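This report describes selected features of a single structure, with the criteria behind each term. The sequence and the model are shown below.

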Amino acid sequence: MGDEGAMSASDERCAGAAGYAPHPYIGGRTAVLRALAAWRMRWPGAPRVIVLTGSPGSGRSRLLTGFLMMCDPDGRRQLPLDHMDPATVPPDLPAPAVPDPRGRTAAQLLRLLADHFRLNAARAEDICTELAAREEPVTIVVPDVDRAGPVRAADEPARVVREVLTPLATTGGVQLLADVPRALAAELARALPPGQARIIDLDDPEWADHAGLVRHAETALALGAGVPELPFATDPSARRTLAEAMAQRAGGSRLTLQLAVQSLFMRPEGFDPADPAMLPCSVGEALDLHARRLGADPLTLRLLLAPLAFAEGEGLPVGLWGPLADAVAGRDMSGDLADGMLLAAPFLQPVATAGRGGADGGEPDGTKGGEEAGGAADGGRTLLRLLHPGIAEEIRAGLPDVRDAQTRIAMALLEAVPEQDWSRADPYVRDHLAAHTLDAGLLPQLLTDPGLFAHADPVAMRAAIEAVPLEQLGAPARTYLRIAPLLIRTQAPAAVRAAFLESAFVEDGLAPYAQALHGLGFALPWRTLWSVPLTGVRAVTAGTLPPPDAEGAAAEAAAAPDGMIAAASHPVAALFVPEGTPGSHPVPDPDGTTTMADMDGATGALLVHDLLRPGYVDADPARLRRPSEEARAAAPFGFSRGADSLRIWARASREVVATLLSDTPITGADLSPDGVLVVATGRGVTARQILAAPPAAAPTVPAQRTGPPDSAASDGLEGDH
């Protein structure tokens, strides 16, 4: 195959002279394809890492797609490989790993890689260690890094390069090909010793492909061969001449050429193929020339497209286009929009979105499978976006004040929320408002609304908040950042997100924010009563203390008809903590006079906390009385516990009424007969009053115990039911 370092643009002419057929999807790029084929074969002298870059619209994505066709066994069978330049055809090897970064965070991209290679690791360094330990090298291709991240202004491509690609590139057993923005290409290559990485910049004359660009123009023009008004598309000679002129003017930009052809098809009248001034030499000129040919002001076209240039996610809902155009322009654009569809059409792309299950995209208990969440819940409707990110860059660059434009958009989006009720807001607004306010420099002011926290897509919200310096964030935003990984991991719907946030706010001392969530119409499964930041709690139990002046409390309890303590007793929670914890008491010796079970030789102490409100109780733990088994059996709820999860179920129907998931291991749990759940984790102890009404059992079917039996309390304290 020869030394790939000696390849240049002259290879395009050599390939054509040899009579080889071009790649049917790419239509050229022989020099680059030879370099990539040598990389895939690990040809002597070929670099281990290739960094592909170029300006927006240079054709990087199309090039990589065409190359990957030849790396895929099924794709190879659909290509005329026998007629193509052998030096451009990679060997028939197993397909490389191709994680897609579009819309994903660096962490999500790492999980994709770990899942693909079936690795147990989650951190980049651990993934790379496991990959390096493999006997055979692994091949990874990462396209479209410039489109990484759920929030454009958060600069996720830079994080992907630094947290994913650089560790992979510096791992000896990894063969890497990555398509990255030019601003990050040199940074990635510098992480490697000389000779291990090569930058292929498609705008560099070394990789120029004028013949391929002409062929691309000819193919595009041929699509209009059936239109009588387009003789330069029907006549092969005229088509070739025009294609040469277009390619010459486009300066290597596939996007500029594509826009020129689409504009021509949209309005062929008055076009003179012999006039070079009719042909654009950049994306910006393609916009302006198209507007002038249609008799419109180029600024009007740019203002119409500005909301789409700032659009996040998959695109902008049609209903928001008009209000946002008015906001950016500072005037009524409805007339321009009504008359401007022909003007804007060459630059637009409709996107049909698929619906997601449930009212908010998840299962009722918030335990929908998968490790990722993302994208707006724009189910079953059509969005609009610009044809290419390069158009958006051009429009944003042409605005006098980008931050002011984003501020106007953010304010218009806020005004579009009916009565500031996030449950009625357009999914685009609630999922992407944070991204727009981030770009406007206003995000910290937005992060005080617990309703928005609950309704917004947690992937996009977290990415936007993480882009703000921590010292600029208020306490509610910090709480959200702490709980966001759990919201993302569970893909929980809004009501379950609200429940998790409600507990997190109480844990962090933000009770007013927790209370606000109860007033937003959510059917929350619990109300968090209190939380203490204790570490080392290994077990908990719910019980009661008899009145301090009562004598014979045990006899009084036994006399109660349901086996419970008298109403005057004080509900408490006992927390088994390490010895020496301030305020704690030694664990009482089991002597048969108390209902507490044997501690099995464990050492520690007990703290007594009020069950229903914040505050410790200075009481002798020996006086603690736990509910009898009869009382527990008569209680409406039971629970089942896992390592970091807990389910509350109705005893009568066996239906799950609430699911609790924790971001730290659960070390103890108990449920009082009146439905107060006390849970200890590595973070602390929290009490929640279960609010869900227990479903009634079917009257004709006896209730059957299908879950785990009521178990004895572990370590003498904890009762899992």
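Which residue lies over the face of Trp-526, and at what distance from the ring centre? Arg-688 takes this place, at 5.3 Å from the ring centre. A charge counts as sitting over a ring if NZ of Lys or CZ of Arg is within 6 Å of the ring centre and within 35 degrees of the ring normal.

The model is predicted, with local features needing pLDDT of at least 70 and side-chain atom pairs counting only at pLDDT 80 or more, while totals for chains, interfaces and linings use all residues. Residues are numbered from 1 along each chain as its sequence is written, and side-chain values use heavy atoms, with hydrogens and water left out.

**Aromatic pairs**

The structure holds 5 aromatic pairs. Rings of Phe, Tyr and Trp (its six-membered ring) pair if their centres lie within 6.5 Å; planes under 30 degrees apart count as stacked, over 60 as edge-to-face and the rest as tilted. One of the pairs is formed by Phe-453 and Phe-505, which is tilted, with 6.5 Å from centre to centre and 40° between the planes. Phe-453 belongs to helix 22 (residues 450-455) and Phe-505 to helix 25 (residues 494-507), so this pair ties together parts that are 52 residues apart in sequence. Helices (H or I, at least four residues) and strands (E, at least two) are DSSP runs, numbered from the N terminus.

Phe-505 also pairs with Tyr-513; the ring centres are 5.6 Å apart and the planes stand at 40°, so this pair is tilted. Ring pairs link Phe-453, Tyr-480, Phe-505 and Tyr-513 into a cluster. Both Phe-453 and Phe-505 are buried, where buried means under 20% relative accessible area, exposed over 50%, and partly exposed in between (1.4 Å probe, protein chains only). Phe-505 counts as buried because its relative accessibility is 0%. Tyr-513, with a relative accessible area of 23%, is partly exposed.

**Two open sheets**

Strands of a sheet pair through backbone hydrogen bonds, either parallel or antiparallel. Here, two strands are taken to pair if DSSP finds at least two bridges between them. The table lists several strand pairings.

| Strands | Sense | Bridges |
|---|---|---|
| Strand 5 and strand 7 | antiparallel | 2 bridges |
| Strand 9 and strand 10 | antiparallel | 7 bridges |
| Strand 10 and strand 12 | antiparallel | 6 bridges |
| Strand 11 and strand 12 | antiparallel | 2 bridges |

Pro-317 has Leu-383 in strand 7 as its bridge partner. Contact means heavy atoms within 4.5 Å; axes are lines fitted to C-alpha atoms, for helices over the stretch in contact, and angles run from 0 to 180 degrees between N-to-C directions.

Thr-300 has its place in helix 14 and is buried, with a relative accessible area of 13%. Neighbours within four places in sequence aside, Thr-300 is in contact with Arg-331, Met-333 and Asp-336. Thr-300 and Leu-337 are 37 residues apart in sequence, and their C-alpha atoms are 9.4 Å apart in space.

Another open sheet is formed by 4 strands in the order 9-10-12-11, again with antiparallel pairing. Strand 9 (539-545) and strand 11 (585-586) are at the edges, each with a single partner strand, so one side of each is left without a neighbour in the sheet. Strand 10 (residues 570-577) is mostly covered, as 6 of its 8 residues are buried. Leu-545 stands opposite His-570 in strand 10, and Val-577 has Ala-605 in strand 12 as its bridge partner. The bridge partner of His-585 is Leu-606, in strand 12.

**Helix 6**

In helix 6 (residues 124-132), the buried residues are Ala-124, Ile-127, Cys-128 and Leu-131. Seen down the helix axis, they fall within an arc of 95°, so they line one face of helix 6; the arc is that of the directions from the helix axis to the C-beta atoms. These buried residues pack against helix 5 (106-116), strand 2 (138-142), helix 7 (156-169) and strand 3 (174-179).
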